[in-house]
Amino acid sequence: MNSSKSILIIFFIILSHFSVQVVSVVKECGAEEDDGCTNKKKALPLKIIAIVTILISSIIGVCLPLVTQSIPALSPERSLFVIVKAFASGIILATGFMHVLPDSFDMLSSTCLEDNPWHKFPFTGFVAMLSAIITLIIDSMATSFYSKKHNSGVVKPESGGEPVELAVVEAGGGGHSHFHGHHHGAKLEVQGAQLLRYRVIAMVLELGIIVHSIVIGLSLGASNNTCSIKGLIAALCFHQMFEGMGLGGCILQAEYKFIKKAAMAFFFSVTTPFGIALGLALASTYKENSPRSLITVGLLNASSAGLLIYMALVDLLAADFMGPKLQGSIKLQIKSYIAVLLGAGGMSLMAKWA
């Protein structure tokens, strides 16, 4: 799992390095325009409020699926969990399409950048496509690697549950017992493979969300526009809470030990507040409309959008909707479709403010 995370981190570093190299071909833009809303002193308390409220919202969102697992109605095997997860998946999908991708288009098509090459080639679409393909490669290779690694053993749920065998159990004796053992082993093999998929999904999704969260936190922390910050606080609280619910559901299904669950929940919760604090520290040097910032954040947003869109469509929505639980119930499918539309629609509405 660490190898897949390392590859993604290297990918993002390469993008950042590339953006620094091309700064020499662009001109510096002027200072931020004063539209009557720019006030550094008034913006500071708003940013502190943002750090606290977003942190609390993130903790509530990511921990809600983890602390409610003892409630029978909200266990992963129940229909309500599937519907809530579909709602959260719709939010993650809308985050990629309606928030991160448009921001990247705006940044990389800014008049602050040179016409050539930034206005001659659709870098946002290209980087997002490349990011989705790289995510597919990592997703596939990580699953294959860990499947082979555990092929002759067992995959332990880590949370204290029954170990799930990956190899088919060989049963001796008569024909009936052999068939029963083979059937039982095949079932466990499917369960083990599914558990591995959940773990890969949880790790890759968390990394994508963390990169995106730091970027939006950095932008908020560096901004002194009190008019936009007020709307951003409410929008980001909603965004972090329900995006956290989606991630929390994936962490729950991965059946990690408590310490690993706590670590993943912690890193998700603190990344946006950390980004805001970083933006505060760099406020004097970080300019949103400078070519360096536009290129760096624009490319990171594009790569984050490609990852989030891929994860939402392939690993979350498609995996659930094409799975046996939803395929076996048209009624549950319809409820889940409505949940997806509500989640995507609500997050799309937030694009008006954030």
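A salt bridge here is a side-chain nitrogen of Lys or Arg within 4 Å of a carboxyl oxygen of Asp or Glu. In this predicted model, the side chains of Lys85 and Asp320 meet in such a bridge, at 3.4 Å from N to O. Because Lys85 lies in helix H3 and Asp320 in helix H9, the pair ties together parts that are 235 residues apart in sequence. Residues are numbered from 1 along each chain as its sequence is written, and side-chain values use heavy atoms, with hydrogens and water left out. As the model is predicted, local features need pLDDT of at least 70 and side-chain atom pairs count only at pLDDT 80 or more, while totals for chains, interfaces and linings use all residues.

**Confidence**
- The mean pLDDT of the protein is 79, and 77% of its residues reach 70 or more; pLDDT is the predictor's confidence in each residue, from 0 to 100.
- Confidence is lowest in helix H1 (residues 2-21), with a mean of 47, and highest in helix H11 (residues 330-350), at 93.
- Residues 9-28 have pLDDT below 50, and this stretch has 36 contacts in the model beyond near neighbours in sequence; a contact means heavy atoms within 4.5 Å.
- Residues 165-184 also have pLDDT below 50, with 28 contacts beyond near neighbours in sequence.
- Where pLDDT is low, the predicted coordinates should not be read in detail.

**Overall build**
- The protein has 11 helices and two strands, taken as DSSP runs numbered from the N terminus (helices H or I, at least four residues; strands E, at least two).
- From the N terminus on, the elements run α-α-α-α-α-β-β-α-α-α-α-α-α.
- Of the 354 residues, 49% count as buried, where buried means under 20% relative accessible area, exposed over 50%, and partly exposed in between (1.4 Å probe, protein chains only).
- Among contacts between residues at least 6 apart in sequence, 83% join residues at least 24 apart.

**Nonpolar cores**
- A nonpolar core is a set of buried Ala, Val, Leu, Ile, Met, Phe, Trp, Tyr and Cys residues joined through side-chain atoms within 4.5 Å.
- The largest core has 51 residues, of which Leu205, Leu247, Ile251, Tyr256 and Met311 touch the most other members.
- Helix H3 (79-108) is among the helices that each supply at least two residues of this core, and the largest share, 11 residues, comes from H3.
- Leaving aside residues up to four places away in sequence, Leu247 touches Val62, Ala202, Leu205, Glu206, Ile209 and Phe268.
- A second, separate core of 17 residues includes Trp118, Val215, Ala222 and Ala302.

**Salt bridges**
- The count of salt bridges comes to four.
- Lys85 and Asp320, the pair described above, are both buried.
- Asp139 pairs with Arg197, the closest N and O atoms being 2.9 Å apart; Asp139 is in helix H5 and Arg197 in helix H6, 58 residues apart.
- Asp139 is buried, with a relative accessible area of 2%, and a network of salt bridges links Asp139, Arg197 and Asp315.
- Asp115 pairs with Lys120, with closest N and O atoms 3.4 Å apart; Asp115 is partly exposed at 39% relative accessibility, whereas Lys120 is exposed at 59%.

**Backbone details**
- The peptide bond from Asn116 to Pro117 is cis, with omega near 15°, and Pro117 is in helix H4 (residues 115-118).
- Glu255, in the loop between helix H7 (226-254) and helix H8 (258-281), has phi near 55°, a positive value in a residue other than glycine.
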